[in-house]
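Biologist: I am new to this structure. Please walk me through how to read it.

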Amino acid sequence: MTRTNPSSATASPAASSAPDLPTPGGLCAIHQPNLFPRLTTLAKLFAADTWIVLDDVQFTRRDYQHRTRLAALGAQQASASRWMSIPTHLPQGRQTIVRDALIVDPDLARRRTMAMLRQYYGSSPHWPALAQSLEPVAASFGSGRTAVVAATSARTLLGLLGWKGQILHSSDLTARPGRSQRLADLAAAIGARSYLCGTGGMKYLDSAPFAAQGLAVIPFLTPPGGIWGSGRQVSALWALATLGPTALARQLRAVAAAQTALEPAA
């Protein structure tokens, strides 16, 4: 897989200055910024050449945009997990879009978040490397924006695992309204070859807008059992702290290779 260098209901506005687009022909994932994303979400982003951060849709409180489930070391099951949340204020109420959601007391939220992560994973032999990588996440609380912290947390984990893809934001691209149309337009805007879609998205996705722009839709699948047993509920931090970055990256590369094999021939 060729990789590039790291780096709502209404249509996305055109950016005042065009973003640097990836080399055409890559595999694209589009996902809202999730706080320390679940393993399946992180694996989908890892398998993509480009992650478009969906930051101009409506914020959803009962989703993963400002919270995640932490499972203690040795207790992977979701039933033994605990929510960790960033208290978030929505200036426009339920109509607030993701990028406009504000952190309630950023300094207190930062201290509580970092303390909870240390409480759960400080005893891991991999904690020193993990703790060092979390420094940008702690600094991102200074933005006062929940989406910035969430996106930084995902980018930090991807970087720790050696991902070399590119990150763009939907608010910097132009797309038409309509759930599937928006996703197809965003993928087409960056010259993607294929769109990588999670199992949840496959339940509602209309493939017609993608086909109209010559885009293939690739269902993203993960192996059953093992570390993937609770991968749709628990933050990837559990797997990182349990296996370490090297071993987890090896498993994610295997999943990514399987996804690449599903792509249609050019």
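Biologist: In what order do the five strands of the open sheet lie?

Modeller: A word on the source: this is a predicted model, where local features need pLDDT of at least 70, side-chain atom pairs count only at pLDDT 80 or more, and totals for chains, interfaces and linings use all residues. Residues are numbered from 1 along each chain as its sequence is written, and side-chain values use heavy atoms, leaving out hydrogens and water. Now the general idea: strands of a sheet pair through backbone hydrogen bonds, either parallel or antiparallel. Strands (E, at least two residues) and helices (H or I, at least four) are DSSP runs, numbered from the N terminus. Two strands pair if DSSP finds at least two bridges between them. Here the order is S7-S2-S1-S8-S9, with parallel pairing. Strand S7 (166–169) and strand S9 (216–219) are the edges; each pairs on one side only.

Biologist: How many bridges join S1 to S2?

Modeller: Four bridges join strand S1 (residues 27–31) to strand S2 (residues 50–53). Cys28 stands opposite Thr50 in S2.

Biologist: Which strands does helix H6 lie across?

Modeller: Contact means heavy atoms within 4.5 Å. Axes are lines fitted to C-alpha atoms, for helices over the stretch in contact, and angles run from 0 to 180 degrees between N-to-C directions. Helix H6 (residues 179–189) lies across S1, S2 and strand S8 (194–197). The helix runs at about 135° to S1.

Biologist: Where is Phe36, and is Phe36 buried or exposed?

Modeller: Buried means under 20% relative accessible area, exposed over 50%, partly exposed in between (1.4 Å probe, protein chains only). Phe36 sits in the loop between S1 and helix H1 (39–47). Phe36 is buried, with a relative accessible area of 0%. Its phi is near 40°, a positive value in a residue other than glycine.

Biologist: What is phi of Asp105?

Modeller: Phi of Asp105 is near 55°, a positive value in a residue other than glycine. Asp105 lies in the loop between strand S6 (102–103) and H2. At 41% relative accessibility, Asp105 is partly exposed.

Biologist: Which element gives the most to the lining of the second largest pocket?

Modeller: On a 1 Å grid over the protein atoms alone, a pocket is an open set of points with protein on both sides within 12 Å along at least five of seven lines; lining residues have an atom within 4 Å of a point. H2 gives the most, with five residues. The lining includes Asp105, Leu108 and Arg112.

Conventions: 1 Å grid on protein atoms, 1.4 Å probe; cavity = no way out; pocket = protein on both sides within 12 Å on 5 of 7 lines; lining within 4 Å.
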